[in-house]
Amino acid sequence: MAFLNKEIRDGDNQDLTEERRTATFDTDKMAEVIYGSEKLARRRREISHAVSRIPELADSRPLPFLDRFEKVTEGTRKLSVLDRHLAELIDVNDNGEALHLYHEVMGMEGHPLALHEVMFVPALIGQASDEQYEKWLGRAKRREIIGCYAQTELGHGSNLRKLETTATYTPSTQEFILHTPTITALKWWPGALGKSSNYAVVVADLIIKDKSYGPHPFIVQLRDEKTHQPLPGITVGDIGPKMAFNGGDNGYLGFDNFRIPRENLLNRHSRVEADGTYVRPPHAKIGHSAMIRVRSHMATGQGWLLGHALTIAIRYSAVRIQGFLEDKSHEVKVLDYQTQQHRLFPAIARAYAFIFCGFETIRLYDQLILDMNSNGNTSGMADLHALTSGLKSVVTHFVGQGIEQARMACGGHGYSMASYISEIYGVAIGGCTYEGENMVMLLQLARYLVKSVELVKSGKANQLGPMVAYLAVADHKVNLATGPDSYVKMFQYISKRQSWKATEKFLKFMENGDSRDVAWNKTAVELTRASRLHTRLYIMETFIRRVESVTDIPVKSALTDLLNLHLNYELLDVASYALEDGFMSSNQMDFIKNQLYSSLEKIRPNAVSLVDSFQFSDMQLRSVLGRRDGHVYQNLFDWAKSSPLNKTDVLPSVTQYLKPMMEKAKL
Ligand SMILES: CC/C=C\C/C=C\C/C=C\C/C=C\C/C=C\C/C=C/C(=O)SCCNC(=O)CCNC(=O)[C@H](O)C(C)(C)COP(=O)(O)OP(=O)(O)OC[C@H]1O[C@@H](n2cnc3c(N)ncnc32)[C@H](O)[C@@H]1OP(=O)(O)O
Ligand SMILES: Cc1cc2nc3c(=O)[nH]c(=O)nc-3n(C[C@H](O)[C@H](O)[C@H](O)COP(=O)(O)OP(=O)(O)OC[C@H]3O[C@@H](n4cnc5c(N)ncnc54)[C@H](O)[C@@H]3O)c2cc1C
């Protein structure tokens, strides 16, 4: 008999197989929706299969047992094996295939090329002139050189206007002199900078004739191409262990009056002429395109990270039997508890929603780069900046929460590194900080919202973009029974009210004599609340649009259940805003709660299949609890036995310290 869930195999844990038999949709078809195309979903499976047949690509030992040095070495080893097999495994021009292959083999703990693909090459694509393309891009793409993105400094990450590294132009030699004037000016944090990269895009304050022109990107050689030794005038190294990404070498970098030629300012959009004349870019923030790119990709990347943790937690919850419901002769799967479902199912809905939002922002980013490179059109930048600033903040925050709930949902075993959930958590919450600290980015979106409200107030609502048009729409009471649209209207009301309230408060402080910055700071918490609500509205609308467009009926039906859960969960979560002014009644609250509980019941039979549809291989998950076959206990025992501490029955530290202490106590 053919089952709709394609993960069923002979010999699997029976409880998990039972779950898979109840799937109401085809998991291959759901994977097409998750990955955006039939081709990519299929190629992912084929690539995972091909990788599993190359033993050298497997981790040589479970990663949690490796120390930092071993992790870096292991990542670099696998990268070199991968390099030999690249062309046979994937179409190297297909980003989706490449991304999957790297996730599969390299995992998420970092490796020497992590920032090369994610920021160095994209910075060249976005910022280099045609001549610079010619000179650098081919070499970078062939990986003759390895690069990173060095912007953040020991003293400044958020406030780019105060970066201290200087790039001073000297017309007599037509060179820039890069210099690190203070300890706080050291570049600090860039991924793959410490030990791996021999080139970097360095962001430094451009100075011409004693005048500062602000941060600009330069391509800089850091190490000798043959010996890999740092060049004279360069101080570079690793910043030490971190919460996660310990297979990666985030680094520090200092310059001692280090000279680079004038052509090394990435000059597609702004340039310095030989005599020192500065030619301005068409948009002041155009040099930030590599950051906007990562922010645009973060929602899908983070959605997949949440998907990892949920695959582990849901599969384990179907295998873990503990406690009773009605029948006291049989314990039940912990997945049958309403609290367990409430802990995990809304996060499944969010993972799907975030992935769908990410597809939209990636498309918008690609369009922006096309417009900028073909005709210098930067009109989409402000909107995309506002959108991705909010999205990266809201998504990373909820993903962190969701992963932590997934860990707790696995009880004691969730706390073991065998679950791998703590590693996923460490990686995911890095996203709350990198590419713009979340509060800072929420405040960026708030600037956009405040400006939009001000437009409405001054009678210029017709100038609002489609994303904020609701800020000008009249309020109306909503009957919650009428489907997704009514939830959107309710959310629009809440979001609009918060944006208006925060703006009025901000303006009032200014009317009362505060400067703009002080008034802004006094309103900042309310402003971040407005940004979160606006972003959650966007996520909700995107989710609705995506589900509406699905053509496979069983897949659409399962997604509709997830969407309904999401709508009710979201509205309940922000209900205090709607209760504040009596917009929502307590009867409506009860209605929403009941809808939510019935969504949990509807989703229950499909829970395992919804996470199976992410189609993460065991290699990619690296989790004993999340194994596809569900054989958790024997493998946990084997995993524990492989701990280096178990190599001998008596540890040298016991002989050396513990025994003498115990012996002494006996005397
Ligand atoms: C094959 C692989 C494919 C895909 C994989 C890709 C991604 C995968 C997902 C994850 C990646 C995984 C691993 C990577 C791990 C880590 C990488 C990390 C890298 C980094 O962290 S790099 C460093 C990042 N640093 C920052 O983000 C700094 C944050 N600060 C800023 O961005 C700015 O300084 C800030 C806060 C926005 C403010 O700037 P500034 O002070 O200059 O501006 P103002 O506040 O005065 O505002 C002025 C004005 O300008 C507007 N504006 C600001 N920035 C932008 C922008 N980027 N675009 C457009 N407009 C911008 C701002 O809104 C103001 O407008 P207004 O006056 O209000 O009209
Ligand atoms: C895993 C990881 C990888 C990274 N990779 C790179 C990389 O490849 N290249 C690179 O250049 N950098 C990288 N970074 C650095 C990262 O981009 C910065 O750490 C980040 O932008 C935050 O800046 P910060 O550290 O200066 O934080 P800070 O700005 O010092 O933040 C500290 C606190 O101050 C608050 N704060 C700061 N400014 C404001 C404000 N205006 N209003 C209100 N509150 C404010 C913040 O909200 C936060 O609570 C990485 C960081 C991490 C963790």
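This is a predicted model: local features need pLDDT of at least 70, side-chain atom pairs count only at pLDDT 80 or more; totals for chains, interfaces and linings use all residues.
Good morning. With 6 C-beta neighbours inside 10 Å, Asp 210 counts as exposed.

Asp 210 is placed in the loop that joins strand E5 (199-208) to strand E6 (211-221). Its backbone deserves a remark: phi is positive, about 65 degrees, although Asp 210 is not a glycine.

Gln 615 sits in the loop between helix H20 (607-612) and helix H21 (618-621). Here too phi is positive in a residue other than glycine, with a value near 55 degrees. Is Gln 615 buried or exposed? With 23 C-beta neighbours inside 10 Å, Gln 615 counts as buried, because the threshold for that class is 20 or more. Asp 210, by contrast, counts as exposed with its 6 neighbours.

The largest nonpolar core has 167 residues. The residues with the most contacts inside this core are Phe 120, Ala 309, Leu 310, Ala 313, Ile 348 and Ala 406. Which element supplies the largest share of the core? That is helix H8, residues 289-319, which contributes 17 residues. Apart from this core lies another, of nine residues, including Val 51, Leu 82, Leu 89 and Met 106.

As general background, nonpolar side chains tend to be buried together in soluble globular proteins.

For Ala 309, if we leave aside neighbours within four places in sequence, the contacts are Gly 402, Ile 403, Ala 406, Ile 421 and Ile 424.

Leu 306 also lies in helix H8. Leu 306 is buried, as 27 other C-beta atoms lie within 10 Å. Beyond neighbours within four places in sequence, Leu 306 is in contact with Ala 347, Arg 350, Ala 351, Phe 354, Val 399, Gly 402 and Ile 403.

We come next to the packing of helices. Two packed helices are described by the angle between their axes and the distance between the axes.

First, H8 with helix H12, residues 421-430. They pack at an angle of about 165 degrees, with their axes 10 Å apart. H8 and H12 are therefore roughly antiparallel to each other, since the angle is over 145 degrees. Their crossing is left-handed. On the H8 side, Gln 302, Leu 305, His 308, Ala 309 and Ile 312 take part, and they meet Ile 421, Ile 424, Val 427 and Ala 428 in H12.

Second, H8 with helix H6, residues 114-127. The axes of H6 and H8 come within 8 Å and cross at roughly 125 degrees. H6 and H8 are therefore oblique to each other, and H6 passes H8 in a right-handed crossing. From H6, the contact involves Val 118, Met 119, Pro 122, Ala 123, Gly 126 and Gln 127, and from H8, Ser 289, Ala 290, Arg 293 and Val 294. These residues divide into six nonpolar, three polar and one charged.

Thank you for your attention.

Definitions and conventions
Residues are numbered from 1 along each chain as its sequence is written. Chains are lettered from A and ligands numbered from 1 in the order in which they are written. A nonpolar core is a set of buried Ala, Val, Leu, Ile, Met, Phe, Trp, Tyr and Cys residues joined through C-beta atoms within 7 Å. A residue is buried if 20 or more other C-beta atoms lie within 10 Å of its own, exposed if 12 or fewer, and partly exposed in between; C-beta atoms are placed from the backbone. Helices (H or I, at least four residues) and strands (E, at least two) are DSSP runs, numbered from the N terminus. Two residues are in contact if their C-beta atoms, placed from the backbone, lie within 7 Å. Axes are lines fitted to C-alpha atoms, for helices over the stretch in contact, and angles run from 0 to 180 degrees between N-to-C directions. Angles under 35 degrees count as roughly parallel, over 145 as roughly antiparallel, 65 to 115 as roughly perpendicular and the rest as oblique. A crossing is left-handed if the near helix is turned anticlockwise from the far one by less than a right angle, and right-handed if clockwise. Ala, Val, Leu, Ile, Met, Phe, Trp, Tyr, Cys and Pro count as nonpolar, Asp, Glu, Lys and Arg as charged, and the others, Gly among them, as polar.
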